[in-house]
Every structure is written in C-alpha cells, then in structure tokens.
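I opened the model to go through its fold, its sheets and the surroundings of its ligand. My entries follow in the order in which I looked things up.

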Amino acid sequence: MVARLLDAGAAEVRVLSRDEAKQEAMRIRLRDDRVRFYVGDVRDLDTVTKATRGVEYVFHAAALKQVPSCEFFPLEAVRTNVLGSANVVDACERNAVSALVFLSTDKAVYPVNAMGMTKALMEKVAQAHVRNNPGARTRVCSVRYGNVMCSRGSVIPLFVDQIRSGVPLTVTEPTMTRFLMSLVDSVELVEHAFEYGQPGDVFIRKAAACTIGDLATALCNLFEVPAKFDVLGLRHGEKMYETLASHEELARAEDFGDFLRVPIDSRDLNYSLYVEEGDPTSDHRSDYTSDNTLRLTVPEVMSLLLGLPEIRAHLDPAPELTVVGRR
Ligand SMILES: O=c1ccn([C@@H]2O[C@H](COP(=O)(O)OP(=O)(O)O[C@H]3O[C@H](CO)[C@@H](O)[C@H](O)[C@H]3O)[C@@H](O)[C@H]2O)c(=O)[nH]1
C-alpha cells in the first residue's frame with residue numbers, strides 16, 4: 001500500500017505502528033523521505049490523533065489477526081480491533097481527515113471466532129459513526145478480504161518453510177476452503193473504496209477459492225516434492241468455509257463486476273415508518289462463500305502461486321508463468 005501511494009506521487013505517507021524494528025526495516029527498504037514513521041498503538045487515542053493531524057486519507061490495517069491466538073486472548077482482540085478502531089475514527093473526525101478505510105475480513109460475516117467477532121464489531125463502529133453523525137467530516141467505509149496469499153504469519157509461507165525443511169505439511173483439514181487473493185487485488189480494493197466509497201459502505205472483492213489440501217498439493221508440485229501431510233484437524237475457532245457476503249447483504253448489494261458494494265442500512269430506529277412499505281430488501285439468495293464461489297483446481301492454484309514474487313524467489317530457476325500441473 002505504501003509503495004503504491006509513493007508511486008502515485010503522494011506528498012507524504014505516515015506509518016503508525018508498534019514495532020520499531022519493522023519500521024526500521026521498512027525505512028531501509030524504501031529509502032524515501034516522504035515516508036514518516038510514528039511509533040504508537042491504536043489503543044492510545046493520543047498517538048493516533050497526533051499521527052493523523054493534517055492527513056487527508058487514512059487506511060486502518062492495525063489488528064490482531066490470527067484466529068487461534070485471538071481465541072486465547074479475546075480481550076486483547078477487543079482492545080485493538082474494536083476499541084482501537086473506535087480511536088481511529090475519533091482521531092480522524094477530530095482532524096477532519098476526508099476518508100478512512102477499515103480493513104475487514106470474511107471472518108466478520110456470521111463470525112464464530114473472536115477475531116471475526118471483533119472485526120464484525122469494527123465494521124459496526126464504522127457504520128454507527130456514519131449513522132450517528134450526519135455531518136461527519138470523515139467518510140468511513142470498510143473493505144472485506146479473503147486470505148491474502150503469502151501475508152505474514154499465514155499458511156503459504158509456513159508450507160514453504162516446511163517443504164524446504166523436508167518435513168510433512170501440517171494440513172488442518174484438507175477439504176476446508178478459503179478465498180484466495182493476491183496482495184495487488186487487496187490494494188486495488190482499498191483504492192476502489194477510497195475512490196467510490198459512500199459513508200458506511202462495505203466493499204468486497206470477488207475471489208476464487210481452493211481447498212487447503214489442493215493448496216498444499218499445488219505447493220508440493222511446484223517445489224517438486226512428494227505431497228506428504230500431517231493432518232491436524234481444525235484449529236480453535238476455525239470454520240470449514242468462509243463467507244464474504246451474507247444473503248441479507250447480497251439482497252441490497254450493488255455489483256461492480258469484480259467488486260460488490262454493500263451500502264449501509266440507512267433506516268432509522270423508528271421501524272413503524274417502514275411497516276406500510278415493508279422491507280424491500282428481504283429477498284432470499286444464498287450467501288457468497290468459499291464453498292460456492294469458483295473452485296480452483298490444483299494446476300490453477302499452481303499458476304496463481306507462480307505469480308507471487310515470494311514463491312518465485314524460492315524456485316530455482318523460476319519456471320514460466322503458465323504451468324501444466326499434476327493433480
Ligand atoms: O499449519 C497450518 C495452518 C493453517 N492451515 C489452514 O490454512 C488455511 C489458512 O490459514 P491461515 O493462513 O492461518 O489464515 P486464516 O486462519 O484463514 O486467516 C487469515 O485469513 C483471514 C481472511 O480469511 C484474515 O482475516 C486473517 O487475518 C488471516 O490470518 C486455514 O484453512 C487453516 O486451517 C493449515 O492447513 N495448516
């Protein structure tokens with residue numbers, strides 16, 4: 001995101017995060033004096049207020065995002081994902097930031113784990129701000145992603161490490177499905193939300209999905225090792241499949257081809273006003289899930305993986321981008 005903003009000619013980009021070592025690594029990697037680093041935490045309103053003074057756009061990605069760890073420390077997830085997000089809204093409003101985009105997740109739809117529940121509440125914080133502040137200075141909307149391939153701490157880098165160490169892959173449940181998105185897709189979704197978002201919108205990028213067994217097999221094929229798995233079973237709080245949009249949301253969503261826009265339910269609390277008209281949005285469709293979206297085959301997952309610089313860097317020599325794989 002930062003690299004994209006710099007390429008687009010941003011006058012200044014500020015990074016607020018907790019880890020000074022990662023900031024130092026980023027400073028060395030980017031070598032661009034338009035980037036200013038603020039050490040702080042979204043849990044502290046004061047640091048967010050200082051970092052957003054004079055800022056035009058804010059992209060809020062700070063989160064506790066690991067499903068199993070949030071199950072063990074749900075209050076920590078509440079502090080960062082919910083209360084921290086409320087601080088970000090408050091700071092932006094105080095500083096008259098013109099647009100704020102919240103980064104959410106498919107796990108926020110019909111949530112069953114603490115991570116998804118706190119991200120769902122984060123979306124509610126954004127929408128309540130819009131509902132309760134008609135003259136708000138900051139336009140707040142959210143974007144919802146599936147799994148971003150190769151993101152830090154996620155399963156693909158873990159499987160790559162296991163392949164390179166010659167140990168079996170720790171597959172939780174081979175038939176489990178997940179939406180797959182590239183980093184570029186996710187950044188584009190944020191840009192789309194900044195450009196077209198109305199207050200309270202949730203933007204969703206449509207995505208294909210695969211089973212975790214096929215993902216593991218595709219990686220083994222690319223690295224030309226036999227596919228050997230240790231099956232762990234579902235981890236704490238995990239779902240067999242994810243939902244990017246509920247059928248209630250789909251009933252009022254606007255389809256932009258690659259994107260869905262789910263507008264805020266703008267009715268007020270006086271429901272009696274709507275009794276005569278009825279609810280025009282109650283049409284029943286199925287949810288949009290990683291089980292009913294386009295299912296990628298093993299060769300298709302291999303092609304997607306080959307498009308990732310992080311994977312190509314490990315393959316020597318890197319093969320052509322179009323591959324014919326083994327199932
Ligand atoms: O050793 C492992 C670890 C994970 N998995 C499976 O791999 C899939 C992806 O796991 P992981 O990469 O840990 O991602 P998720 O738990 O699905 O969550 C990620 O993807 C979400 C979007 O769905 C983001 O919101 C989260 O922040 C991000 O951590 C899941 O089906 C896991 O069960 C394994 O098979 N073996």
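**Entry 1. Ground rules and overall form**

I took helices (H or I, at least four residues) and strands (E, at least two) as DSSP runs, numbered from the N terminus. On that basis I count twelve helices and 15 strands in the chain. The radius of gyration is 21 Å, close to the 20 Å that the globule rule gives for 327 residues, so the chain is as compact as a globular protein of that length. I took this radius over C-alpha atoms, and the globule rule is 2.2 Å times the number of residues to the power 0.38.

I note that this is a predicted model, in which local features need pLDDT of at least 70 and side-chain atom pairs count only at pLDDT 80 or more, while totals for chains, interfaces and linings use all residues. Residues are numbered from 1 along each chain as its sequence is written.

Along the principal axes, the C-alpha atoms fill a box of roughly 60 × 55 × 35 Å. I called a residue buried if 20 or more other C-beta atoms lie within 10 Å of its own, exposed if 12 or fewer, and partly exposed in between, with C-beta atoms placed from the backbone. By this count 37% of the 327 residues are buried.

**Entry 2. Strand 4 and its partners**

I counted two strands as paired if DSSP finds at least two bridges between them. Strand 3 (residues 57-60) runs parallel to strand 4, and four bridges join them. Here tyrosine 57 stands opposite alanine 99 of strand 4. Strand 4 also pairs with strand 5 (residues 139-145), in the parallel sense and over seven bridges. In this pair leucine 100 stands opposite valine 140 of strand 5. Between strand 4 and strand 5 the chain passes through helix 6 (residues 114-132), a right-handed β-α-β crossover. Right-handed means that, with the strands pointing away from the viewer, the path from the first strand over the helix to the second runs clockwise.

Why is strand 4 largely enclosed by the rest of the structure? Six of the seven residues of strand 4 (residues 99-105) are buried, so the rest of the structure largely encloses it.

**Entry 3. The 6-8-10 sheet**

I next looked up an open sheet of three strands in the order 6-8-10, with mixed pairing. Strand 6 (147-148) and strand 10 (209-211) are at its edges with a single partner strand each, so one side of each has no neighbour in the sheet. Strand 6 runs parallel to strand 8, joined by two bridges, and valine 148 has methionine 181 as its bridge partner in strand 8. Strand 8 (residues 177-181) pairs with strand 10 in the antiparallel sense over three bridges. Arginine 178 stands opposite cysteine 210, and phenylalanine 179 opposite alanine 209.

Which residues of strand 8 point one way, and which the other way? Thr177, Phe179 and Met181 point one way, Arg178 and Leu180 the other way, and all are buried.

**Entry 4. Around the ligand**

The ligand is surrounded by 21 residues, and the closest are Lys65, Thr105, Ser154, Val155 and Thr172. Helix 7 (155-165) and strand 7 (169-171) each supply at least two residues of this shell.

How values were computed:
A residue is near a molecule or strand if its C-beta atom, placed from the backbone, lies within 6 Å of it.
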